[in-house]
Amino acid sequence: MPLSRSPLKGPPVSQRRRIPRLFAPLLLVVAAGATSVATTPAAAEPAERARPLSQVIPAPASVLEGGPSYALTDRTRIRVDDDSREARRIGSYLADILRPSTGFELPVTEWDAKDGIRLRLGSRDASLGDEGYRLESGRHGVTITARKPAGLFHGVQTLRQLLPASVEKDTRQRGPWTVAGGTIEDAPRYGYRGAMLDVSRHFFSVDKVKTYIDQMALYKVNKLHLHLSDDQGWRIAIDSWPRLATYGGSTQVGGGPGGYYTKADYREILRYAASRHLEVVPEIDLPGHTNAALASYAELNCDGVAPPLYTGTDVGFSSLCVPKDITYEFVDDVVREIAAMTPGKYIHIGGDEAHSTPHKDYVAFMDKAQAIVGKYGKTVMGWHQLTGGNPVRGAVVQYWGLDKTSDTEKAQVADAARKGTKLVLSPADRAYLDMKYNKSTPLGLAWAGYVEVERSYDWNPGTYLQGAPAESVLGVEAPLWSETLWTSDQVEFMAFPRLPGIAELGWSPAVTHDWDTYKVRLAAQGPRMSALGIDYYRSPQVPWPAE
């Protein structure tokens, strides 16, 4: 069962500060380089200078450094505007994170205070948009100002990164808790900054999804794409087709019990994501990647015979029966029920690797599926193969091609973009978090090649797809497919440290993009990720400090 907590309470200790288990030998190797071993948690955090305001991820749009710093003390209060319920919720979230490590009470109050952290909503600065913020730090406190709650929340993530990494721990730590003086003015380059979690190949519990949400939020990711159906498992309860979940969700890659989200589970994920200002994008992959559905209901097959459940990793062998009317009754029911639960604007209908569906049938099916999504008031998302058909007006396609993808296929996507189709970029040989870092990586796949941290970071979404107008790019997304992953530690090892780089590509101005400076900022995130219990990959390309 999901853990009970207030809507914007920080993640429970069991979720955000786990002791890494997988790859523990790697941690020991890194630790062996340290010159001393701390004997108590309080001694583990040496006094350190306030970190520069520019040393955060994603890189801020504008930084003016200088002036006196501010140090949190036992007198610090978190001040919110008296008419702002959202600011109070965000203030409570911040206090919940800071209290265990600092030992300070940090009351969230509407009373004016000369010393403290002030969260202000309602700025009239249009340049901040819906997600931007201004952070001002000086002798008497830190003030974060935003037009909308999402901006205030993102500003809080920046404040977290400006404090010592040990602030993330769940036991009392030694300070000082100092924030450098100066001003940050920040707003995102792109409005879509996503990460996808494949819960179909291997099922991840509600609490595991929440853990990933909290990790995403630290780096200002604002979309959680959930891949809810595939050949190996159907993961969302549909009342009108109950066997999809109870039977189609009963296994996963390699066998095992699988699992699925009840509607209450799904709503809890939606609630938790919203409390971190993330929008959930549900995906039902169609017309291929559908063996779990075909196995659950024989009538969805052209021959009326249900295939067995599938636990392998092949792709492209399954297809809904395009000529049958019941196929569209099925799609209508599924989309209707998911749309009714999902407050976000998008429903992703897949469309990739439909190798068993003749092209003419594929186009006919996707035309009807898109119309159904529109019928229920949602915007269509699909993988970029949708551009081989007829993307509806307003559709968004997710490009996952490689550098070596054929020029013809790239041109097809670029042509659709010139005609108004919007793009989310997820090139597999750059942004797929399940690709191995190198040939020695014990997890992941390598069909798109090896993707080290520099390669994952070093590309420009605005110019990546030749022929596609820069304004057609909504943003970026980092998909994480789970054929080889089934624990949170494994997810973390593949996602970190690459996910922060993709997040920066989505947030930061292109002029800030520079590997040599980024790798230094990324190295400084190592102690923070360790404090959060994130079992990250110690890439040799990054000058990690000894921990």
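In helix α9, residues T327, Y328, V331, D332 and V335 meet F365, K368, I372, V373 and K375 of helix α10. Contact here means heavy atoms within 4.5 Å. The residues of this contact divide into six nonpolar, one polar and three charged. Ala, Val, Leu, Ile, Met, Phe, Trp, Tyr, Cys and Pro count as nonpolar; Asp, Glu, Lys and Arg count as charged; the others, Gly among them, count as polar.

The model is predicted: local features need pLDDT of at least 70, side-chain atom pairs count only at pLDDT 80 or more, and totals for chains, interfaces and linings use all residues. Residues are numbered from 1 along each chain as its sequence is written, and side-chain values use heavy atoms, with hydrogens and water left out.

**The helix pair**

Two packed helices are described by the angle between their axes and the distance between the axes. The axes of α9 and α10 (residues 359-375) come within 10 Å and cross at roughly 30°. Axes are lines fitted to C-alpha atoms, for helices over the stretch in contact, and angles run from 0 to 180 degrees between N-to-C directions. The crossing of α9 with α10 is right-handed. A crossing is right-handed if the near helix is turned clockwise from the far one by less than a right angle, and left-handed if anticlockwise. Helices (H or I, at least four residues) and strands (E, at least two) are DSSP runs, numbered from the N terminus.

**The barrel**

Eight strands close into a barrel, in the order β10-β11-β14-β15-β16-β17-β18-β19. The pairing is parallel. Neighbouring strands of this sheet are turned by 30° against each other on average, direction ignored. Two strands pair if DSSP finds at least two bridges between them.

Helix α7 (residues 263-275) touches β11 (223-227) and β14 (279-286). The direction of α7 makes about 140° with that of β14. Helix α15 (residues 498-507) touches β10 (192-198) and β19. The direction of α15 makes about 170° with that of β19.

**The open sheet**

Seven strands form an open sheet in the order β1-β9-β6-β7-β5-β3-β4, with mixed pairing. β1 (62-65) and β4 (108-109) stand at the edges. Each has a single partner strand, so one side of each is left without a neighbour in the sheet.

β6 and β7 form a hairpin with two residues between them. Five of the six residues of β7 are buried, where buried means under 20% relative accessible area, exposed over 50%, and partly exposed in between (1.4 Å probe, protein chains only). The table sets out the pairs of strands described here.

| Strand pair | Sense | Bridges |
|---|---|---|
| β6 (residues 133-138) and β7 (residues 141-146) | antiparallel | five bridges |
| β5 (residues 116-121) and β7 | parallel | six bridges |

Individual bridges can be picked out. L135 has I144 in β7 as its partner. E136 is bridged to T143 of β7.

**The disulfide**

How many disulfides does a search of the whole structure find? It finds one. A disulfide is a pair of cysteine sulfur atoms within 2.5 Å. The link joins C302 to C321, with S to S at 2.0 Å. The link is right-handed, with 100° about the S-S bond. C302 and C321 are 19 residues apart, and each lies in the loop between α8 (291-296) and α9 (325-341).

Are the two cysteines buried or exposed? C302 counts as exposed because its relative accessibility is 56%. C321 counts as buried because its relative accessibility is 3%.

I90 is found in helix α3 (residues 85-102). I90 counts as buried, at 0% relative accessibility. I90 and V156 are 66 residues apart along the chain, and their C-alpha atoms are separated by 8.1 Å.

F493 lies in helix α14 (residues 488-495). F493 is buried, with a relative accessible area of 2%. F493 and R538 are 45 residues apart in sequence and 9.1 Å apart in space, C-alpha to C-alpha.
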